[in-house]
There are 2 protein chains.
Amino acid sequence: MRERAIPEATVARLPLYLRSLVDMTERGMQTISSEGLAEAAGVNSAKVRKDLSYLGSYGTRGVGYDVEYLIYQISRELGLTQDWNCVIVGVGNLGRALANYRGFGERGFRVSALVDIDETKIGKPVDSMVVEDFADLERIVKEREISIGIVATTAAAAQDAADRLVSAGVKSILNFAPTVLQVPDDVSLRKVDLSIELQILSFYEQRKSALETVRRGKRLTASASKSTRP
Amino acid sequence: MRERAIPEATVARLPLYLRSLVDMTERGMQTISSEGLAEAAGVNSAKVRKDLSYLGSYGTRGVGYDVEYLIYQISRELGLTQDWNCVIVGVGNLGRALANYRGFGERGFRVSALVDIDETKIGKPVDSMVVEDFADLERIVKEREISIGIVATTAAAAQDAADRLVSAGVKSILNFAPTVLQVPDDVSLRKVDLSIELQILSFYEQRKSALETVRRGKRLTASASKSTRP
DNA sequence: ATTTGTGAATCGGTTCACAGCG
DNA sequence: CGCTGTGAACCGATTCACAAAT
C-alpha cells in the first residue's frame with residue numbers, strides 16, 4: 001500500500017486496535033500477530049491486516065507487529081499526538097456525567113468548557129469547572145481553541161446548539177441529543193443515541209422470543225397483524 | 001417484497017424513521033412522502049423506500065405513507081408494542097445518569113433494577129430506585145423478567161458483568177464500558193463508546209487542519225514521520 | 001515455519017432509473 | 001401526473017487465498 005484515503009470503516013476500527021494494543025503493553029507484550037490483535041479487538045485477522053496495511057507496512061512477516069511502534073503509528077494517524085479541547089453544551093444529567101467522566105481526558109480530549117442556557121446553572125461549579133453562558137459560546141470557542149463540540153442538550157435545543165457551534169468555527173460535533181442534526185458538509189458529525197440502540201436490541205430480542213415461542217410449538221398467529229389498514 | 005430477513009442496516013434506521021414520524025403526528029401531519037421522511041431522518045428517499053419495502057407495501061402510489069399506520073407497523077416490527085425490562089449494571093456517574101434519563105422509558109424501556117458490587121452503594125436510593133447487590137443478579141433478572149442488560153461498569157468489571165447477565169438468561173446487552181465484550185452467538189450486543197467516537201472525530205479533524213495548513217501554503221513536511229522504526 | 005500484505009472474489013448495502021399503480 | 005416499489009447497476013467493505021518476506 002501507500003497513498004491516502006483510509007476507508008471510513010477502517011478509521012472506526014483504529015481506536016479499537018489502539019485500545020487493545022495499550023492493554024498489551026501494560027501486560028508487557030512486545031509484539032503481536034494480526035491473529036492476536038484480532039482476537040483482542042473482536043474482529044477477524046484478515047480485517048486487521050488489511051486495515052493496518054492502509055497505514056503502511058508496519059509488520060514483520062513471520063513475526064507480527066511491534067506493539068509500541070504500532071501504538072505510535074495509529075495514534076499519529078488518529079491525530080492523538082496532540083490534545084483537543086472540547087466544549088460540552090448542555091449540563092443536564094448527561095452533560096454532568098460526561099463532564100465527570102475520567103478517561104476520556106485519558107486519550108487527549110480535554111473538556112475546556114461547560115455551557116448551558118439555564119441561568120440557574122450558569123456560574124455553578126460542576127467537576128472543578130464552572131458552567132458558563134451559552135451566549136458566550138463564540139468567544140469561549142475562540143479563546144480556548146476548542147475544536148470539538150459535544151451536544152448534550154434536549155432534542156429541542158440541539159439544532160440551535162449545533163448551529164452556534166458551527167458558526168463559532170467548530171468542525172467536529174458529537175451529538176447525544178435524540179434528534180437528527182443538520183450541519184454543513186465540512187463539519188464531521190457523529191451521534192450516540194441510547195434509545196435507538198435499545199430499539200435495535202428490541203428488534204432482535206423480539207425475533208428471539210418469537211422463535212422461542214415457535215420452538216415450544218405454541219405456534220405464532222402469523223398475520224394477526226393485518227389489523228387497521230387506513 | 002415479502003418474506004423475512006430485514007437487512008441490519010435497515011433495522012438500524014427504523015428507529016430513526018419512527019422518531020421522525022412521531023414528530024410529524026405531533027405536528028398534525030397525516031401522510032408523508034418518502035422524500036419528506038428522508039429529509040426528516042437525514043437520509044435519501046431511495047433508502048427510505050427500499051427500507052420500508054422490507055416491511056411490506058405500506059405506501060400509496062401518488063400519495064405517500066399514512067403517518068399513523070407507518071408508526072404502528074414500524075413499532076410492531078421493532079417489538080415496541082410491548083415493554084422491555086432493563087437492568088443497569090454499575091451505578092457510577094454514567095449508570096446514575098442513565099437511571100435518571102427520562103425518555104427512554106418513553107419508548108417502552110423500563111429500568112427495573114440497578115445493581116452494583118460496591119457495598120457503599122447497595123441500599124442507597126438513586127432516582128426512586130434502590131441499588132441492589134450484583135450478587136443477586138440472577139434472581140432479579142428472573143423475578144422481574146428482565147431482557148436487556150445495560151453495562152455501565154468500568155472496563156475491568158465489564159466482562160464479568162456481561163458473563164453474569166448471560167448466565168442469568170439475558171440475550172440483549174448494551175455496553176457502555178470501554179472494552180470489547182465476548183458473548184455467545186445467540187446474545188445481541190451493541191456498544192456505545194464515547195472515547196472511540198471522539199477518536200474518530202479527531203482523525204477527520206486532524207485531516208482538516210492539515211488541509212487547512214497546506215491551503216495556507218505552509219506546506220506540510222510530508223513524511224517527517226518515518227521516525228523511530230523499531 | 002510463520003505471518004504479513006494484497007490482488008481477486010464475494011458480499012451487503014446504496015443508488016439509479018423506471019415500470020406499475022393510484 | 002406523482003410517488004411507490006423494485007430490479008439492475010454500482011460501490012465500498014469483507015473475506016479468501018496465496019505469494020513474498022524474514
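Predicted model: local features only at pLDDT ≥ 70, side-chain atom pairs only at ≥ 80, totals over all residues.
| Salt bridge | N to O distance |
|---|---|
| Asp83(A) and Arg110(A) | 2.8 Å |
| Asp127(A) and Arg102(A) | 2.4 Å |
| Arg102(B) and Asp127(B) | 2.3 Å |

Take the pair Asp83(A) and Arg110(A), bridged at 2.8 Å. Asp83(A) sits in the loop between helix 4 (67-78) and strand 4 (84-89) of chain A, while Arg110(A) belongs to strand 5 (residues 109-116) of chain A, so the bridge ties together parts 27 residues apart in sequence. Asp83(A) is partly exposed at 45%, and Arg110(A) is partly exposed at 44%.

What does the pair Arg102(B) and Asp127(B) tie together? Arg102(B) lies in the loop between helix 5 (93-100) and strand 5 (109-116) of chain B, and Asp127(B) in the loop between strand 6 (125-126) and strand 7 (129-133) of chain B, so the link joins parts 25 residues apart in sequence. Arg102(B) is exposed at 57%, whereas Asp127(B) is partly exposed at 24%. Elsewhere, Asp136(A), Arg139(A) and Glu143(A) form one network through salt bridges that share partners.

Now the core. The largest nonpolar core has 96 residues, of which Ile74(A) and Ile74(B) touch the most other members. Leaving aside neighbours within four places in sequence, Ile74(B) contacts Leu14(B), Tyr17(B), Leu18(B), Leu21(B), Leu52(B) and Leu55(B).

Terms used
Residues numbered from 1 in each chain as written. Chains lettered and ligands numbered in written order. Heavy atoms only, no water. Core = buried A, V, L, I, M, F, W, Y, C linked by side-chain atoms within 4.5 Å. Buried < 20%, exposed > 50% of the residue type's maximum accessible area, 1.4 Å probe, protein only. Contact = heavy atoms within 4.5 Å. Salt bridge = Lys/Arg side-chain N within 4 Å of Asp/Glu carboxyl O. Helix = DSSP H or I, 4+ residues; strand = E, 2+ residues; numbered from the N terminus.
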